[in-house]
Each structure stands twice: as structure tokens, then as C-alpha cells.
Amino acid sequence: MDAKEDLNTTAEKIKTMEIRGAGRIAVAASAALRDYVMTLKSLPMSEFNVKLEEAAKILVDTRPTAVSLPNAVALTKRHSANNVYDAIDEIAKNAEKFITNAEQALGKIGKIGAERIHDGDVIMTHCNSHAALSIIKTAFDQGKDISVIATESRPRRQGFITIRELNDYGIPTTLIVDSAVRLTMKEVDLVVVGADSITVNGALINKIGTSQLAMAAQEARKNVIVAAETYKFSPRTLLGEMVEIEDRSSDEVIDADILKELPNVKVRNPAFDVTPAEYIDLIITEVGAFPPAMAFTILRDYLGLEIEV
Ligand SMILES: O=P(O)(O)OC[C@H]1O[C@H](OP(=O)(O)O)[C@H](O)[C@@H]1O
């Protein structure tokens, strides 16, 4: 396989969600871009930059909602070199830094977030978030007697990945269907979810259904904690841009043959929803725990306002 095919294969895996999770797709894109540019040594500088931008676009265009993806690509591709060898060197170092930071961030989020979890807590989580699970597993490692209520997370049922992971870790877990969230909330002490994007106003964009957990939690006066690496904050929202909500295929919701028999029916399959900041108590990042109102500060101090938008 040539280098461009490898890049396209990674892009396809992100699109089809063979590689999924806002953090994982970011790390995969950074690595794919690095591997691709390594093969461009013999090109003149101007052509190198064109190929670099083309490759970046292929990766970014795979999924529109998780800002971790364009942030990872922007942080990886930036270079100030005027020859190809130095540019490749810079990009390889950028990728190394991004991937190492992303891996270490999960452990730090786990430690910081676990401080918010108490012995005896029942935690509700949604979908499958490596950052949220890092908090839950760390609290369990600390000897806290906790249990988890995990939503199924239709249509792709990422909740099944979560319950398997929690089961294998030895954490008592209850699986519920998404529509059981409100009824079950009274048994819950706190909600811990991940993030695909966080806006400058502190709103959370995460797996469809997250906002119903947050609303039910507020109604029941339970805390909502978001686990999010700093690279999941969206610089474009500084300019007032909305985060695009990915609409996925109807095939994920209903069998195509059944749908064919129903000419008056259409299917909508939005993959994410927006939870306003007022429903969120705390955002746990690798650099500390912040109220959502501090999203601007995180963007400025840890991502840098000069990031490509
Ligand atoms: O980065 P981590 O914490 O793993 O996941 C963050 C979020 O990414 C996932 O998206 P999808 O399943 O790829 O659509 C879920 O929405 C999850 O909450």
C-alpha cells in the first residue's frame, strides 16, 4: 500500500467509526499525517505544502463534530521550516508531542476527576468515553466502593463497549436503555460523561442523549461532570461559529429494507447533541477542574488563540 492509501485507510476507518471516540480519532489522525509526510521527502517545498494541506483536509473532513480532530491536525501540521527535511522533522515532533500529551492526559483526568467521586457513589455514564472511564476506573483503583449505570447509547450501542470494559475491570455495572435515564436518575449520585467539543461558552457537544442525562440530573439535583482533554475545546466558537452536528446514515437506526417499505417515513440520525453550560457542574481536564464558565480561559491558556480556525 502506498502512503496516500494508508492515509485514506485511516480516514475511512474514522468515517465508518472503526476508529472512534473523540480522543482516539485525534491521535489516529495525528499519527496518519506524520506517517504520510515522512514519504514526501523528495518533493519541492511548495508541492510539499500543497500535499500537506490536502492530507489534512482528508482527515478533517471525515467527521464534523469532534473538534479534537481539527485541533489535532492543526497542531500536527504547523511548521515554520523553509525546506522539506526541517518541515518533516517539525511535523514528526508535533505528532509525537500531541500523541504523548493525549495519552498522559487520560491518566491526569482520571486522577483529578476521581477526587470528585466518593465511596458508595453510583455514577451514570453515557456512550463510551475513555476520559470518563479513566475517572471511574481511577476512583475504583483508589478502593472506592462505586457502581455504574451505563446507557445503551443507541443507535450504535457504544454502551456495550463501556459495560464490557467496566465488567472486565470488576466494577459493578447496570445497563439501561436510553429512555430509562430519567426514571433511573434518582438512584444516581453523579453523572460523568466525555466530550466531543466544548464551546467558548462552556456548552458541551457529546453523544446524542447527553443533554437528556444532564437535564434529568439537574431536575434530580445531581452533579454533572464532563471529562475532556484541553484539545476538545473549540477555537472556532470564539468567532461565534456553531459546532456542526453530524447526521449519520439511517442504516444505523433502521434496516434499509424495512425503510424501503415505508415511503412516508424518513429517519433522522443526529449523532450528537448540545448541553448548555448551566447543566454542567464541572469540566475535568488534564490541567485541572474548571467550571464551564472558564472555557475561554482554557482555550486561551492551553490551546492558544492563534490556532488555525
Ligand atoms: O475521547 P473519548 O473520551 O474517548 O470520547 C469522547 C466522546 O467521543 C464519542 O464519540 P463517537 O462514539 O466517536 O461518536 C462519544 O460521544 C464520547 O463521549
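Modeller: The radius of gyration is taken over C-alpha atoms, and the globule rule is 2.2 Å times the number of residues to the power 0.38. For the 309 residues here, a compact globule would have a radius of gyration near 19 Å, and the chain, with 20 Å, agrees with that. This is a predicted model, in which local features need pLDDT of at least 70 and side-chain atom pairs count only at pLDDT 80 or more, while totals for chains, interfaces and linings use all residues. Residues are numbered from 1 along each chain as its sequence is written, and side-chain values use heavy atoms, with hydrogens and water left out.

The chain has 11 helices and 10 strands, which are DSSP runs numbered from the N terminus (helices H or I, at least four residues; strands E, at least two).

Turning to the aromatic part, the structure holds two aromatic pairs, where rings of Phe, Tyr and Trp (its six-membered ring) pair if their centres lie within 6.5 Å, and planes under 30 degrees apart count as stacked, over 60 as edge-to-face and the rest as tilted. One of them joins Phe-140 and Tyr-169, whose ring centres are 6.1 Å apart with planes at 55°, so this pair is tilted. The pair links distant parts of the chain, since Phe-140 belongs to helix H6 (residues 130–141) and Tyr-169 to helix H7 (residues 159–169), 29 residues apart.

As for accessibility, buried means under 20% relative accessible area, exposed over 50%, and partly exposed in between (1.4 Å probe, protein chains only). Phe-140 counts as partly exposed at 25%, and Tyr-169 counts as partly exposed at 32%, whereas 53% of the 309 residues of the chain count as buried.
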